[in-house]
Amino acid sequence: MNRTNIRERAEASFAAMVTQSVSEARTPLGKTDCRATRVHGQWLSPPEPRREGLPSLSSRRSGCQAQIRGPALTAPTPDATISCLTLRRRHLSFASLAQALVSGALVGCFYALMALGFSLLLGVARAMNLAHGELIVLGGYLGYWLWAGSGLPSILLVPVAAAALLPLGIVWEALLSRLPEPRPLNSLALTFGLSLLLQNAIRALWQGEYRLIAEPMLAGALRVGAVTINTGRLFVAATALAVVGLLWLGLTRTHWGRAVRATSIDPQAAALLGINVDAARRATFLLAVGLAGATGVLFATLHYLYPVAGVELTLMAIVLTIWAGVGRLRSVLVAGIVLGIAEALAVEWAGPRWRETAVALLLLASLFARAGGLARGLGAGAGGR
Amino acid sequence: MRAWIVALAGAAVLAALPPLTGFHPYWLYLLTTAFLWAAVASAWNLLAYAGQISFGHAAFFGLGAYAAALLALGGLSPWTAGAIGTVAGAAGALLIGIASTRLTGAYLALATLAYAEVWRGIALNWTDVTGGGAGLIGIPALPEIAWLPVALTRGRAGAYYMALAHLLAVLALFAFILRSRVGLAFAAVREEEERASLLGLRPLGWKLLAFALSGGFTGAAGALYVYTVRVVEPDLVFNRYYSILPLVMAMFGGLHTWLGPAAAAISLYLLSELVLHPVAPALHQVGYALALIVVILYWPGGLAGLFSRKRHARP
Amino acid sequence: MPVLEGRGISVAFGGLLALRGVDVAIEEHQVVGLLGPNGSGKSTLFNVMSGLLRPTAGEVWFRGRRVTGRPPWVMGRLGVGRTFQIPRPFSGLSVFESVLIGVTFRGRDRYRRAADRRSEAERLLALVGLADKSGARAIELSLGQMKRLELAVALSSRPGVLLLDELASGLSPRGHEEVLLSYGRLRERGLTIFAIEHSFSVLARVADRMLVLDQGQIVADGPPAAVLASPRIAEAYLGEEDQ
């Protein structure tokens, strides 16, 4: 049996079940290693089987079956397709390569936006915000809650969630400006504590349930040649680029933006130039936290939300900040796209299970290779203990 | 001198507690876990004494736990498996300790954090070996020791005394280190690594020693933990939260002090289990998080700072 | 053969050249002074020659062995000691412990017994006049005392070559006198000394040779009298003359 036949047969079997809730389905697949799940046209990393509310796909190496196990999908849509891909020992076709490039680049724009919030805080406060991912997830939950309650399109929710998180920006600023030396290390510990608080708050408000902003508009797909572009990703990428563009304009063209940049480069010199350094810092905190909120809404359209989803996001943001340098917009964008493409290729090749681990390894490698540069970016002596 | 007396008295009280309280299983379990945490906090403190702040001690805990679990399930005597678990913790620590050649401070901390995530990922995804998310069950408990009274080594009581012995071992080692050349080297590397280097110290060797000791004892704690709860899964032992807990406890008790971290660990743990948990079970992490924030912003000396300003890690 | 030598040392920090092609040769038992205005690269040269900094170009030789880029502990064990212009005490440790470190871990002449190590530490403290401060925390000392501790710590590793970075700066005239006495005593012990000072008068009385560094280059090298006599050097680089 060749691969295409297998896939077609599997999809045919599942298509028959599309209109029902899928609780368990079996399909013959032949001797393939099946590790990936695609639901609603999007890749999902299978979470631990004990988590409620999500299907998980598993297969046996020697057997001929694939199973979808788990409670019913919460919102089956007419065009839910479930397909499997073979693993490893296969050649990446040009089509799948191109697909990875495009999908990866699109999600990479999102990653870049995500990293910017972290990078801004690092630049202006010399503080590493380990709670960055949790802020994003909080923004996502808020966005979901508003979407589910009001039915507004998610594009409108982006600025709303951003605004809703602004009070937290004031809290973060109040806490992080009190940090004793050594700032980088203490900021790590402090924000770790804050991330725990946020996780618990999210759990208290929304329990551990998975949430997704599943707008019909976002579930479509465009076909461009061999490549399928998911409209949800396109929307996210477009919004992310728009926000980054606005940010760039703001930081370079406005008086306020220049004040912020000067403060992050050298606060003392900025003060001497007459810039209100405190106001600039506070503004940057608000901006960074607002960005996290906006990112959260976009994240909620891409990926299921769960309380500890922020960990991976924070790690990715740190990786990108190490690659691109502190507060450099263009570099972050490029780095984000590179990361997105690399991730897509890796998932094509090895499946999504090891993604979190791969990000952690990537962070380790990046720290090893570039920590010196990051420390220099923060200023001499600031990178140490 | 005073600290020694306190420690010995405390140890005696704790050793006498089970028979006096009738081997009450819940209390035994509670205190066993408290001792394990105190040991991990002290082990973390040892590494911090050498100047290396770790945000990834969960890695060593989990490595010890999984190694002991896998080997015990594979047929090895739990004692041997536990010993190998200790070695696994030490080896895992050495591996990331090598990073300390290039990374310091916040960057080393981040690296240890990422390191713990890597091991968690391996435990989660290498399903064939580790059982994946579901983990492993049916891990044997520590067997009774033939030449000791059965009541002291069986079941919960056995775990209690093992954990207590383990804690006393860590504290004894720390006390020995503090009074010896090793402690001097650790302190020198911590305070002024370059300067110490110019005086003839090779910093890497001492840092690796600190990592190995800290990781080994933490791995042993992990092994003891799985023998107590008899199950292991990634989120139980490689939990990110377990990386920050020793830091909170050690800072709360007084960084670099001898007894501070252990005392704070036991107090905080008992407080959270006995007071917070019944009241608001979902929020027990919140207590630690708040403790961490308070300690960093307002109370850098921790508990030990209350007792003596000049107190510096000498028993 | 010179004990400590730098050949063509250049150091670039980003776009800035801190040292350009510096040649320095310190002969055994000499006292060599290093002068120059702020920012001329003096401390950077010391960092290179003690192994704390890898030069962008050039080499460092110790008794005929190439030691460029070797880590500081190698230099320390070979017998190079250094003080720092802004004192770097082991904060949190006591004065006694600070000196004990070098005694305990140095590369040669180690004592087996802890009691011997402790007596040597006490002797060192007595040498610099800090015996009564033995139990104090190193960070609680005054500046003058800290500078003396710097010297004691540098001596604790039994170096053959001492790189002294502005021992006298920031001190009162009486402090200067004490530093001068120290230089003399060190010289009597047979140490080779390479000393940075900001003021010419301190060095002129003890140094066999003076080097003047300006903008990363050696611009004068000779006996103090000759260097002093050069009018250009005298007016541009000698800074304030102390009364």
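**Close-up 1. Helix H11 of chain A, end to end, in the predicted model.** H11 covers residues 329-350 of chain A. At 1.5 Å a residue, its 22 residues should span 32 Å. The end C-alpha atoms lie 31 Å apart, which agrees with that expectation. Just after H11(A) comes A:Gly351, with a positive phi of about 85°.

**Close-up 2. The buried residues of H11(A).** An α-helix has 3.6 residues a turn, so residues three or four places apart point the same way.

**Close-up 3. The largest nonpolar core.** This core holds 293 residues. Residues from chains A and B are among those with the most contacts inside it. From chain A these are A:Phe110, A:Ala112, A:Val319 and A:Leu320; from chain B, B:Ala111 and B:Ala265. Helix H2 of chain A (residues 94-125) gives the most to this core, with 17 residues.

**Close-up 4. The surroundings of B:Ala265.** B:Ala265 is one of the residues with the most contacts inside the largest nonpolar core.

**Close-up 5. The contact between chains A and B.** Chain A brings 38 residues to this contact, and chain B brings 35 residues. On the chain A side, helices H5 (183-206), H10 (310-324) and H12 (355-378) each give two or more residues. H5(A) gives the most, with 13 residues. By class, the chain A side has 25 nonpolar, six polar and seven charged residues.

**Close-up 6. The contact between chains B and C.** Here 17 residues come from chain B and 24 residues from chain C. Helices H9 (181-191) and H10 (193-198) of chain B each supply at least two residues of the side that touches chain C. H9(B) has the largest share of that side, six residues. The chain B side divides into eight nonpolar, three polar and six charged residues.

**Close-up 7. Chain A as a setting for these views.** Chain A has twelve helices and seven strands. Of its 385 residues, 48% count as buried. Among contacts in chain A with a separation of 6 or more, 78% join residues 24 or more positions apart.

Terms used
Residues are numbered from 1 along each chain as its sequence is written. Chains are lettered from A and ligands numbered from 1 in the order in which they are written. This is a predicted model: local features need pLDDT of at least 70, side-chain atom pairs count only at pLDDT 80 or more; totals for chains, interfaces and linings use all residues. A nonpolar core is a set of buried Ala, Val, Leu, Ile, Met, Phe, Trp, Tyr and Cys residues joined through C-beta atoms within 7 Å. A residue is buried if 20 or more other C-beta atoms lie within 10 Å of its own, exposed if 12 or fewer, and partly exposed in between; C-beta atoms are placed from the backbone. Helices (H or I, at least four residues) and strands (E, at least two) are DSSP runs, numbered from the N terminus. Two residues are in contact if their C-beta atoms, placed from the backbone, lie within 7 Å. The expected span of a helix is 1.5 Å times one less than its number of residues. Ala, Val, Leu, Ile, Met, Phe, Trp, Tyr, Cys and Pro count as nonpolar, Asp, Glu, Lys and Arg as charged, and the others, Gly among them, as polar.
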